[in-house]
Amino acid sequence: MAHFDHLDPSVHSAMLLPTEERIEFAMQDRWIGYTRAHEALDTLEDLLIHPRTHRMPNLLLVGESGNGKSTVVEKFCERHPVIQQPAGDPVLPVAIMNMPSEPVETRFWTELLLALKIAHRDSDPVQRKKNQAHSVLTYVQCRMLVIDEIHNLLYGHARQQRHFLGVLKNLSNDLRLPIVAVGTRDAIRALHTDTQLSSRFEAFGLPRWQLDKDFLRLLASFERILPLVHPSNLIERELAIKLHGMCGGTIGSLARILKRAAIHAIRDRSDKITTKTLEQIGWVKLTEYGKQAEAL
């Protein structure tokens, strides 16, 4: 398939698929291993093997919404799946959960038990759910707890926030478990309401992409996995500037734009992305949703 040299070998077989199946392939999420993401994964690996101490270090993975935080965490969890020991006991190196929509302790334990797939009653007393969660985390030899959407902490009043931060601190201390909090920049403000706890959360940022060489490398990586017959040359000046403006510097928006553009290019049989393609996909930037809603 010499004429598909612009594509990654993993994409070549997709080029033989019928149109609708090639579109389905284009819709799928694929990992792009850019530099900052690899650095984040390395940091998480170091934290995972940290010896258990009375004062475990924690991490705050922070970035704009849609800029790859959850994808990095998912990739890390893929590296550390559940292992079934010869005796049949499961080992769960990394547990991941979503922060409840507000910092209420009973809802936190419910979310954690749901993430661990442990049957319980929502109406159970807080202490019972807490004991159950502690027992399970110990039984499965969990070595890291990841809490996504930690900025939801700010949806509670000051007293709730302080109480919840105490819950996190005690959980980390009791089980000697590192906690990885994942959220937007508001998460920094949330954790700084407890200076003792915030000092244990080292911040790791995934900043917005600038229109520079790193962004061009990212575009080149995306082009390798888009199942299009012809090279689009996404790093060409006019295309790169337009894509950067459309995505607002977030990798999540960029991925959605390129998927939509690739599908459009497959359907109109041009099989390459051009500035005209980008103008035809009807993309609306997050900051302009309000204006669009008013126009409807």
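Analyst: Glu-39 is partly exposed, with a relative accessible area of 34%; buried means under 20%, exposed over 50%, and partly exposed in between (1.4 Å probe, protein chains only). This is a predicted model, in which local features need pLDDT of at least 70 and side-chain atom pairs count only at pLDDT 80 or more, while totals for chains, interfaces and linings use all residues. Residues are numbered from 1 along each chain as its sequence is written, and side-chain values use heavy atoms, with hydrogens and water left out.

The side chain of Glu-39 meets that of Arg-36 in a salt bridge, at 2.8 Å from N to O. The term covers a side-chain nitrogen of Lys or Arg within 4 Å of a carboxyl oxygen of Asp or Glu. Arg-36 is partly exposed as well, because its relative accessibility is 31%. Both residues belong to helix H3 (residues 35-48), where they sit three residues apart, about one turn of the helix. Helices (H or I, at least four residues) and strands (E, at least two) are DSSP runs, numbered from the N terminus. In total, the structure holds 13 salt bridges.

Asp-186 and Arg-189 make another pair, with their closest N and O atoms 3.7 Å apart. These two residues lie in helix H8 (residues 186-191), again three residues apart, about one turn of the helix. Asp-186 is partly exposed at 37% relative accessibility, whereas Arg-189 reaches 53% and so counts as exposed. A further group, made of Glu-64, Arg-185 and Arg-208, is joined into one network by salt bridges that share partners.

Within that network, the side chains of Glu-64 and Arg-208 meet at 3.6 Å, N to O. The pair links distant parts of the chain, 144 residues apart: Glu-64 is in the loop between strand S1 (58-63) and helix H4 (69-79), and Arg-208 is in the loop between strand S7 (201-206) and helix H10 (213-225). Glu-64 is partly exposed at 26% relative accessible area, and Arg-208 is partly exposed at 39%.

Now the place where the parts meet. The chain is divided into domain 1 (9-30 + 209-285) and domain 2 (35-206), with bounds from an automatic or database domain assignment. Their C-alpha centres lie 34 Å apart. Contact (heavy atoms within 4.5 Å) involves six residues of domain 1 and five residues of domain 2. The buried area between the domains is about 300 Å², with 47% from carbon and sulfur atoms; this is the accessible area (1.4 Å probe) that two parts lose on being put together, summed over both. Trp-209, Thr-250 and Ile-251 supply 73% of the area that domain 1 buries against domain 2, more than any other three residues.

Between domain 1 and domain 2 the salt bridge count is zero. Two residue pairs are in polar contact across the interface, both at pLDDT 80 or more. A polar contact is a pair of N or O atoms within 3.5 Å; within protein, one must be able to donate a hydrogen and the other to accept it, and residues adjacent in sequence count only if both atoms are side-chain atoms. On the side of domain 1 that touches domain 2 there are two nonpolar, four polar and no charged residues; Ala, Val, Leu, Ile, Met, Phe, Trp, Tyr, Cys and Pro count as nonpolar, Asp, Glu, Lys and Arg as charged, and the others, Gly among them, as polar.
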